[in-house]
Amino acid sequence: MIDVMTFFIRLMLVAIVLISITNVMIMAVYERIREIGTIAAIGTPPGRILNMFVIEGFCLGIVGAVIGNVVGVVVVSVITCPG
């Protein structure tokens, strides 16, 4: 029973993270509609514009994962510190 509850808690956490990332990327696009229009007007192909946002999302994910791991290690080491 505890394994099932742990699974659903993990599933909910993953869903929350995915929704948060989706929200950040949607807002990144909506806030830059004018810039996207300017980039498109100077002749940048739509695929290249899409790649710019995909790369930005990938970089945000990598940086977030690294910072999250560092904070997690620090918190765990503080909690388990014998002193």
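In which helix of the protein chain is confidence lowest, and in which is it highest? Confidence is lowest in helix H1 (residues 2-30), with a mean of 90, and highest in helix H2 (residues 33-41), at 93. The score in question is pLDDT, the predictor's confidence in each residue on a scale from 0 to 100.

The structure is a predicted model, in which local features need pLDDT of at least 70 and side-chain atom pairs count only at pLDDT 80 or more, while totals for chains, interfaces and linings use all residues. Residues are numbered from 1 along each chain as its sequence is written, and side-chain values use heavy atoms, with hydrogens and water left out. Across the protein chain the average pLDDT is 90, and 99% of the residues score at least 70. Where pLDDT is low, the predicted coordinates should not be read in detail.

**Overall form**

The protein chain holds three helices and zero strands, in the order α-α-α from the N terminus. Helices (H or I, at least four residues) and strands (E, at least two) are DSSP runs, numbered from the N terminus. The radius of gyration of the protein chain is 19 Å, whereas a compact globule of 83 residues would have one near 12 Å. This radius is taken over C-alpha atoms, and the globule rule is 2.2 Å times the number of residues to the power 0.38. Along the principal axes, the C-alpha trace spans about 60 × 35 × 20 Å.

**Surface and charge**

Of the 83 residues in the protein chain, 5% are buried. Buried means under 20% relative accessible area, exposed means over 50%, and partly exposed lies in between (1.4 Å probe, protein chains only). The protein chain exposes about 7,100 Å², of which carbon and sulfur atoms supply 77%. These areas come from the Shrake-Rupley method with a 1.4 Å probe; for residues, only the protein chains shown count as cover.

There are 4 positive and 4 negative side chains, and the centres of the two sets lie 6 Å apart. Lys and Arg count as positive and Asp and Glu as negative, with His and the chain ends not counted; each charge is placed at NZ of Lys, CZ of Arg, CG of Asp or CD of Glu.

**Individual residues**

Val29 is in helix H1, and it counts as partly exposed because its relative accessible area is 33%. Helix H3 (residues 46-79) contains Cys59, and Gly64 also lies in helix H3. Cys59 is partly exposed, at 42% relative accessibility; Gly64 is partly exposed, at 42%.

The table gives C-alpha separations for some residue pairs.

| Pair | Apart in sequence | C-alpha to C-alpha |
|---|---|---|
| Cys59 and Ala41 | 18 residues | 26 Å |
| Val29 and Gly64 | 35 residues | 19 Å |
| Gly64 and Val54 | 10 residues | 15 Å |
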